[in-house]
Amino acid sequence: MASTQAAAASEQAPTKNPTLLAWVAKMAAMTQPDRIVWCDGSEAEKQRLTEQAVKDGTLIPLNPQKRPGCYLHRSNPNDVARVEHLTFICTPNKTDAGPTNNWMEPEAAYTKLSQLFEGCMKGRTMYVVPYAMGPLGGASTKIGVELTDSDYVVLNMRIMTRMGKAALDMLGDSDDFNRGLHSTGDVNPDRRYICHFPQDNTIWSFGSGYGGNVLLGKKCLALRIGSYLGREEGWLAEHMLILGVTSPKGETTYIAAAFPSACGKTNFAMMIPPKEYAGWKIETVGDDIAWMRPGPDGRLYAINPEAGYFGVVPGTNYKTNPNAMETISKDTLFTNVALTPDGDVWWEGKDGEVPEELIDWQGKPWKKGSTEKAAHPNSRFTAPMSNNPVLSAKANDPQGVPISAIIFGGRRSNTVPLVLQAFNWTHGVFLGATMGSETTAAATGKVGVVRRDPMAMLPFCGYHMGDYLQHWLDMQKSIPQLPKIFQVNWFRQDKNGKFIWPGYGENMRVLEWIVNRVQGRVPTQETLLGWVPRQDQGLNLKGLDMSEEAVQEATSIKEDEWKSELKSQEVFFEQLGTKAPEALMLQRKLLIARLDG
Ligand code: SAT
Ligand code: MN
């Protein structure tokens with residue numbers, strides 16, 4: 001059997017790359033698919049796979065008048081989010097994975113998962129999906145190959161990456177590619193594992209069909225393996241959006257911003273400035289991941305390794321994100337949203353009236369007024385970035401864009417003020433390292449609990465978090481023109497639990513201040529925590545429907561809240577043990593001294 005499969009694999013292969021052929025043959029021998037299909041990324045292939053997915057019930061076609069080229073997918077209800085407790089970093093030493101990751105010894109992990117993969121593709125097709133993360137031909141671009149038995153995965157990878165022949169051509173005969181193996185298995189949470197082997201540039205994912213667990217280019221390669229490679233090679237793989245903001249004078253400033261999953265990265269990256277900002281323009285380079293490395297001119301350059309958006313649907317509407325609404329109007333795959341009687345999709349927070357009747361995300365009839373959600377809170381769209389009306393021309397530039405500011409933002413109902421600027425790079429790394437955020441539906445588990453989420457990378461850092469923070473500190477030496485670092489919080493609430501800051505397009509006001517600070521145009525005011533906008537020459541609040549007191553509340557710094565925040569930070573740093581970087585411990589001491597002083 002094994003040799004027949006091996007022969008089958010190499011016979012049809014559109015490549016002579018010996019390492020790739022040998023690996024595909026080996027994986028096929030283990031998983032024993034009935035057929036092996038090499039994906040070329042063509043339009044014909046897309047049509048073929050889509051037709052097949054419709055036939056086997058994986059995709060439901062939507063009304064072509066309302067949503068041309070769009071389909072709905074319902075995942076298994078036990079498989080709707082990333083599973084952090086089933087995600088492993090498999091390094092030879094446990095300490096290399098660090099205290100914030102689950103760890104398995106590599107041989108033990110390969111053995112355990114081999115038992116699951118053994119024969120798991122019998123009766124199924126194995127798709128070989130070559131893909132590039134980053135613009136084709138770019139020096140920062142990485143190649144991966146994902147073997148999967150899911151046509152849904154192939155169709156998603158087709159949108160999210162530069163997939164097919166072009167990626168294979170870029171790889172040529174090189175053995176430098178990520179080896180990704182995925183099988184949906186029987187979608188049993190007891191047999192679900194997402195394992196990363198950074199030293200082998202390998203990912204094995206079994207038993208899930210959900211986005212972040214199975215679109216291996218995304219969180220697995222671009223962040224977990226990427227962060228490991230970044231440390232080896234002197235760059236940064238980050239959970240960040242990238243945007244360009246252009247002033248009426250035509251000056252463009254590029255900004256990267258880290259927020260945890262489901263905290264508004266996509267909205268921020270596509271923001272439409274309010275009417276007071278006529279002539280200003282925001283353009284999207286990326287909405288989720290940034291790969292950043294020092295450029296020849298001493299600045300930090302960022303590329304978006306992805307080619308599409310895998311965004312949260314609920315709450316998306318023409319007020320919160322008109323550009324996303326345009327983006328998902330065609331050629332989009334929807335996962336776990338509700339279906340309307342006329343073949344369109346619906347979700348909580350969509351514009352217009354709530355329909356009387358729907359089919360909910362699980363395929364069950366749903367009536368207006370039901371206490372159940374019609375769309376899953378982590379329902380997603382997969383849409384090509386080329387659909388985005390404000391896509392930056394630089395999104396396809398292999399050089400990337402020079403970053404002037406880095407923003408760290410969490411979801412905090414208290415404590416963290418609207419915006420502040422770090423005193424310097426080390427202090428900025430401290431702000432990123434001490435980020436906390438209330439959990440969301442993007443991962444299974446309780447929502448709304450504050451957890452430490454350094455740089456929004458807690459679930460995505462592929463090695464020891466202490467080493468990762470040290471790597472950030474060390475990067476200072478290789479970036480002569482450092483970006484300025486900021487912290488923001490759009491999510492502060494008043495005593496009635498209402499958001500104080502209106503957010504969305506109004507975040508332009510904060511962004512303008514950041515741009516002005518970066519360009520050295522406005523004075524600032526020093527506080528215990530960092531620099532904040534001055535009352536007189538600070539945030540532009542013209543036309544903002546917000547009382548003076550509310551603005552005060554959104555920007556206030558309460559020392560008692562900071563004292564308990566410092567306690568929670570201490571628990572996190574203690575976890576890092578001797579790997580907690582000295583420079584960050586000193587930052588912490590300085591902050592305590594300032595607060596106690
Ligand atoms: O599910 S994904 O990991 O792809 C999205 C997210 O959680 O950020
Ligand atoms: Mn994300």
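Student: Hi! Which domains does the domain assignment give for the chain?
Tutor: Hello! This is a predicted model, and the assignment gives domain 1 (2-57 + 82-233), domain 2 (238-306 + 392-596) and domain 3 (309-387).

Student: What separates the centres of domain 1 and domain 2?
Tutor: Taken over C-alpha atoms, the centres of domain 1 and domain 2 are 33 Å apart.

Student: And how many residues of domain 1 are in contact with domain 2?
Tutor: On the domain 1 side there are 33 residues, in contact with 33 residues of domain 2.

Student: Switching to the ligand: where does ligand 1 sit?
Tutor: You'll find ligand 1 in the largest pocket.

Student: Which residues are around ligand 1?
Tutor: Here they are: Arg 82, Tyr 210, Gly 212, Lys 218, Lys 219, His 239, Ser 261, Phe 310, Arg 380 and Ala 442.

Student: Which domains does the shell draw at least three residues from?
Tutor: Both domain 1 (2-57 + 82-233) and domain 2 (238-306 + 392-596) supply at least three residues each to the shell around ligand 1.

Student: Let's zoom in. How many Å is it from the side chain of Arg 82 to ligand 1?
Tutor: An N or O atom in the Arg 82 side chain is 2.7 Å from an oxygen atom of ligand 1.

Student: What about Tyr 210 and Ser 261?
Tutor: Tyr 210 has a polar side-chain atom 2.7 Å from an oxygen atom of ligand 1. For Ser 261, a polar side-chain atom also lies 2.7 Å from a ligand 1 oxygen atom.

Student: And how much of ligand 1 does the protein bury?
Tutor: Ligand 1 exposes 260 Å² when taken alone, and the protein buries 98% of that.

How values were computed
Residues are numbered from 1 along each chain as its sequence is written. Chains are lettered from A and ligands numbered from 1 in the order in which they are written. This is a predicted model: local features need pLDDT of at least 70, side-chain atom pairs count only at pLDDT 80 or more; totals for chains, interfaces and linings use all residues. Side-chain values use heavy atoms; hydrogens and water are left out. A residue is near a molecule or strand if one of its heavy atoms lies within 4 Å of it. A polar contact is a pair of N or O atoms within 3.5 Å; within protein, one must be able to donate a hydrogen and the other to accept it, and residues adjacent in sequence count only if both atoms are side-chain atoms. Accessible areas come from the Shrake-Rupley method with a 1.4 Å probe; for residues, only the protein chains shown count as cover. On a 1 Å grid over the protein atoms alone, a cavity is a set of points where a 1.4 Å probe fits but cannot get out, and a pocket is an open set with protein on both sides within 12 Å along at least five of seven lines; lining residues have an atom within 4 Å of a point. A molecule sits in a cavity or pocket if more than half of its atoms lie within 2 Å of its grid points. Domain bounds come from an automatic or database domain assignment. Contact means heavy atoms within 4.5 Å.
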